[in-house]
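Good morning, and thank you for coming.

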Amino acid sequence: MQHTIKILILSAILIVSLVTSLQFGSTFIPLTDVLNSLSSHLGGQTLVIPHMNDTILWDIRLPRLMYSILTGIGLSAVGLLMQTVTRNALADPYVLGVSSGASTGAVFAIICGGLPLLGAYNTPFFASFGAMLSIILVLLCVGKSNSPVKLILIGMGMTGIFSALTMMIIYGAKHEAQVRSAMFWLLGSFAGIQWQDLPLSAIIVALFCLFIYIYKQDLDILLLGNQEAANMGLSVKTLQLSIVITSSIVIATLVSKVGVVGFIGLIIPHLARIAGGPKHKNTLIFSMLIGSIVMIWSDVLSRALYSPEEIPIGVLTSLLGAPLFIWIIMKRYKNIG
């Protein structure tokens with residue numbers, strides 16, 4: 001019952017956030033115009049609203065709002081599983097080097113031009129390619145081992161390799177505009193998100209959350225440790241491989257569109273456990289709700305603080321997430337000398 005009340009409260013906050021956040025940006029739009037625009041498009045009613053405001057709301061802000069929610073859900077869910085599979089409270093969605101691989105691919109496309117035939121899809125394509133290359137190399141290096149320590153260390157090594165490659169590509173850029181574009185992408189942004197970007201990402205994130213729900217009991221058992229889980233009949237290596245592959249697909253999809261968004265996948269699972277306990281059934285729901293709310297308002301701040309300029313979303317999530325993470329650690333380990 002206590003969990004149900006918390007879920008209802010967070011759901012109410014999410015619904016209010018969905019509507020009110022659409023007001024803010026380079027142009028402030030009154031709440032009445034927001035409600036009228038949503039009613040016109042979703043309810044079929046033709047209501048009076050300035051054409052410019054309707055265009056801003058429906059074609060610019062609403063797609064990026066929906067994608068920010070998908071990003072919050074995806075990063076939080078992946079962070080939850082990474083902390084489970086590695087049994088490390090400091091693990092985040094990027095621990096296996098997926099984001100570093102994606103960054104290398106994206107920066108290559110931005111600075112070197114990529115493939116002309118891909119046009120506007122150059123950056124997402126090469127980011128996805130880099131992410132998948134990174135995870136394939138990690139899996140090849142891990143081999144048949146199911147050691148979470150080996151997985152983390154190899155992931156850290158892969159992150160170092162791809163980060164170095166990214167810096168080499170940026171260093172070789174011939175134009176300052178290319179460097180600015182690359183750095184802005186590396187720090188994350190929802191600018192330019194359109195309706196056509198949503199379906200694939202929504203399907204992948206939804207299937208990933210369904211995967212967590214289906215295997216929630218196995219994931220709970222995995223928290224006991226590899227040996228204990230194996231003794232209870234769980235195929236640890238198979239589950240770990242499934243988690244790594246599905247998580248990598250989610251991260252590759254999200255990162256290829258919006259760049260690297262830090263700290264969300266690290267802190268949200270901790271907040272979810274505080275609210276719902278250690279069981280994955282509850283933690284998944286709280287991660288989805290809290291992650292969505294945090295990403296919505298992070299995006300609002302990114303486009304409203306220095307309007308009409310936009311702050312990279314990764315800067316804000318790190319600025320907000322780092323102090324919160326320090327507070328969580330201080331609270332959890334306050335009795336340790």
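Predicted model: local features only at pLDDT ≥ 70, side-chain atom pairs only at ≥ 80, totals over all residues.

Residues are numbered from 1 along each chain as its sequence is written, and side-chain values use heavy atoms, with hydrogens and water left out.

Let me begin with the aromatic rings. Rings of Phe, Tyr and Trp (its six-membered ring) pair if their centres lie within 6.5 Å; planes under 30 degrees apart count as stacked, over 60 as edge-to-face, and the rest as tilted. By this rule there are 7 aromatic pairs. In one of them, the ring centres of Phe-108 and Phe-126 are 5.3 Å apart and the planes stand at 55°, so this pair is tilted. Phe-108 belongs to helix H4 (residues 98–112) and Phe-126 to helix H5 (residues 122–142), so the pair ties together parts 18 residues apart in sequence. Helices here are DSSP runs (H or I, at least four residues), numbered from the N terminus.

Phe-108 is partly exposed at 33%, whereas Phe-126 is buried at 13%.

A second pair is formed by Phe-208 and Phe-211: the centres are 6.3 Å apart and the planes at 20°, so the pair is stacked. Both residues lie in helix H8 (residues 198–214), 3 residues apart, which separates them by about one helical turn. An α-helix has 3.6 residues a turn, so residues three or four places apart point the same way. Phe-208 and Phe-211 are both buried. Elsewhere, ring pairs join Phe-24, Phe-28 and Trp-297 into a cluster.

Next, the core. A nonpolar core is a set of buried Ala, Val, Leu, Ile, Met, Phe, Trp, Tyr and Cys residues joined through side-chain atoms within 4.5 Å. The largest one has 88 residues, and those with the most contacts inside it include Tyr-67, Phe-208 and Ile-212. Helix H3 (residues 51–86) gives the largest share of this core, 15 residues. Contact means heavy atoms within 4.5 Å. Setting aside neighbours within four places in sequence, Ile-212 is in contact with Ala-77, Leu-81, Leu-219 and Leu-284.

Ser-201, in helix H8, is buried at 1% relative accessibility. A polar contact is a pair of N or O atoms within 3.5 Å; within protein, one must be able to donate a hydrogen and the other to accept it, and residues adjacent in sequence count only if both atoms are side-chain atoms. Such a contact, of 2.8 Å, joins the side chains of Ser-201 and Tyr-67.

I return now to H5.

Just after H5, Gly-143 takes a positive phi of about 65°. The backbone oxygen of Gly-143 lies 3.0 Å from a polar atom of the side chain of Lys-237. Lys-237 is in helix H11 and is partly exposed at 28% relative accessibility. Lys-237 and Lys-144 are 93 residues apart in sequence, but 7.7 Å apart in space, C-alpha to C-alpha.

Finally, the backbone angles. Most residues other than glycine have a negative phi, and most peptide bonds are trans. Which residues have a positive phi without being glycine? Arg-87 is one of them, at about 50°; Arg-87 sits in the loop between H3 and H4 and is partly exposed, at 35%. Phe-263 is another, at about 75°. Phe-263 lies in the loop between H11 and helix H12 (264–276), and is partly exposed with a relative accessible area of 25%.

Key
Helix = DSSP H or I, 4+ residues; strand = E, 2+ residues; numbered from the N terminus. Buried < 20%, exposed > 50% of the residue type's maximum accessible area, 1.4 Å probe, protein only.
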